[in-house]
Amino acid sequence: MSTESTGEASTGKAGINAASIRKAVVGSRAAQVAYGCAVTGRLGVERWALARRMLEWAPSARRGRILAYHSIGTPSWGVNDVRPREFERHLQLAADDGWSFATPAEVMAEPEKQLLALTFDDGVTSVLTNAAPVLRHHGIPATMFVVSGWADGKHPEQYRHVLDWRGVRALQDYGISLASHSATHPDFGRIGAAEARAELEVSRERMELVLGQPVEEFAIPFGQSRNWSDAARAAAADVGYKIVYAQSVDTRPAGTVPRTFITRLDSPRLFRAALAGCYDNWEEWY
């Protein structure tokens, strides 16, 4: 999860050196706000430009898709936050356009069908308060990927809007499936093999202990091609994960399941463009 993030079309490489920009704004709140506005603007420009391709897609091009949401009504989560009213609008648009809601497993089993699965990253409180009741009312399945250390209370101050284990179990009571999103939400593309294994193993063991159920699915933090290594892939398989999800589609790491990132900026046109695959060759820039 990146609270103020955006993406880049096609190449998966930032046209601007994102790392140097982030380094330059550390310690300056004004600069951080300016940076957030800049990258949010870039995301909007890119997604609107790519949405124009929607006119080229025929309905027959639609196929099963797994969506990656984060928060539903937590403005501090930046572009990753979708307003509750817009979330409900997304559900209605999908239903109106002929999509059937399903689990990720069902999407993977029948990828040619127009099935849509919903997933949420990070364990944000607003998913419990704003999304879960709506999903239960409409009988829509969903999966939450939990950062186990954050549920333990070990999270940065800016990520304080996350569920503790009581809240995670409340999601379980709503019928939402639970899976791992690591122990501390690192960039697996920047850590070594031993640290990667520890993140994967600690999270899985902690979740199984608290929730009393097997945890065999994992979503990569940040989820882009550069955020997953061969060592991490090997470690995930070794500690018992059977499925690893990305947050990208055509550019995702090898051996992972694609998911389509949904943002605060996704108006009906942009949301329909996402369902049509207009962002499948696009990666988040943050």
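## Close-up views of a predicted model

**View 1. Proline 253 and its neighbours.** Not counting residues up to four places away in sequence, proline 253 touches Ile220, Gln224, Ser225, Trp228, Ala246 and Ser248, where a contact means heavy atoms within 4.5 Å. This is a predicted model in which local features need pLDDT of at least 70 and side-chain atom pairs count only at pLDDT 80 or more, while totals for chains, interfaces and linings use all residues. Residues are numbered from 1 along each chain as its sequence is written, and side-chain values use heavy atoms, with hydrogens and water left out. Look for proline 253 in the loop between β8 (243-245) and β9; helices (H or I, at least four residues) and strands (E, at least two) are DSSP runs, numbered from the N terminus. With 9% relative accessibility, proline 253 counts as buried; buried means under 20% relative accessible area, exposed over 50%, and partly exposed in between (1.4 Å probe, protein chains only). From C-alpha to C-alpha, proline 253 and isoleucine 220 are 9.9 Å apart in space, and they are 33 residues apart in sequence.

**View 2. The chain as a whole.** Here is some context for the close-ups that follow. The chain has 10 helices and 10 strands. Of its 286 residues, 52% count as buried. Among contacts between residues at least 6 apart in sequence, 75% join residues at least 24 apart.

**View 3. Phenylalanine 87 and the nonpolar cores.** The largest nonpolar core has 61 residues; such a core is a set of buried Ala, Val, Leu, Ile, Met, Phe, Trp, Tyr and Cys residues joined through side-chain atoms within 4.5 Å. The residues with the most contacts inside this core are Tyr69, Phe87, Leu118 and Phe120. Phenylalanine 87 touches Tyr69, Ile72, Val82, Leu118, Phe120, Ala131 and Leu135, leaving aside residues up to four places away in sequence. A second, separate core has 10 residues, including Leu115, Phe145, Ala219 and Val257. In soluble globular proteins, nonpolar side chains tend to be buried together.

**View 4. Threonine 143 in strand β5.** Threonine 143 belongs to strand β5 (residues 142-146). At 4% relative accessibility, threonine 143 counts as buried. Its contacts, not counting residues up to four places away in sequence, are Pro104, Leu118, Thr119, Phe120, Ile176, Ser177 and Ala179.

**View 5. Helices α8 and α9 crossing.** The axes of helix α8 (residues 193-211) and helix α9 (residues 230-239) come within 9 Å and cross at roughly 35°. Axes here are lines fitted to C-alpha atoms, for helices over the stretch in contact, and angles run from 0 to 180 degrees between N-to-C directions. The crossing of α8 and α9 is right-handed, the term for a near helix turned clockwise from the far one by less than a right angle, with anticlockwise being left-handed. On the α8 side, the contact is made by Ala193, Ala196, Arg197, Leu200, Glu201 and Arg204, and on the α9 side by Ala231, Ala232, Ala235, Ala236, Asp238 and Val239. These residues divide into eight nonpolar, no polar and four charged; Ala, Val, Leu, Ile, Met, Phe, Trp, Tyr, Cys and Pro count as nonpolar, Asp, Glu, Lys and Arg as charged, and the others, Gly among them, as polar.

**View 6. Aspartate 266 with arginine 47.** Aspartate 266 forms a salt bridge with arginine 47, and the closest N and O atoms are 2.9 Å apart. A salt bridge is a side-chain nitrogen of Lys or Arg within 4 Å of a carboxyl oxygen of Asp or Glu. The pair links distant parts of the chain, 219 residues apart: aspartate 266 is in the loop between β9 (260-261) and α10 (268-276), and arginine 47 is in helix α2 (residues 29-51). Both aspartate 266 and arginine 47 are buried. The structure holds 17 salt bridges.

**View 7. Glutamate 112 with arginine 63.** In this salt bridge between glutamate 112 and arginine 63, the closest N and O atoms are 3.6 Å apart. Glutamate 112 lies in the loop between α4 (104-109) and β4 (115-122) and arginine 63 in the loop between α2 and β2 (65-69), so the pair ties together parts that are 49 residues apart in sequence. Glutamate 112 counts as exposed at 60% relative accessibility, whereas arginine 63, at 37%, counts as partly exposed.
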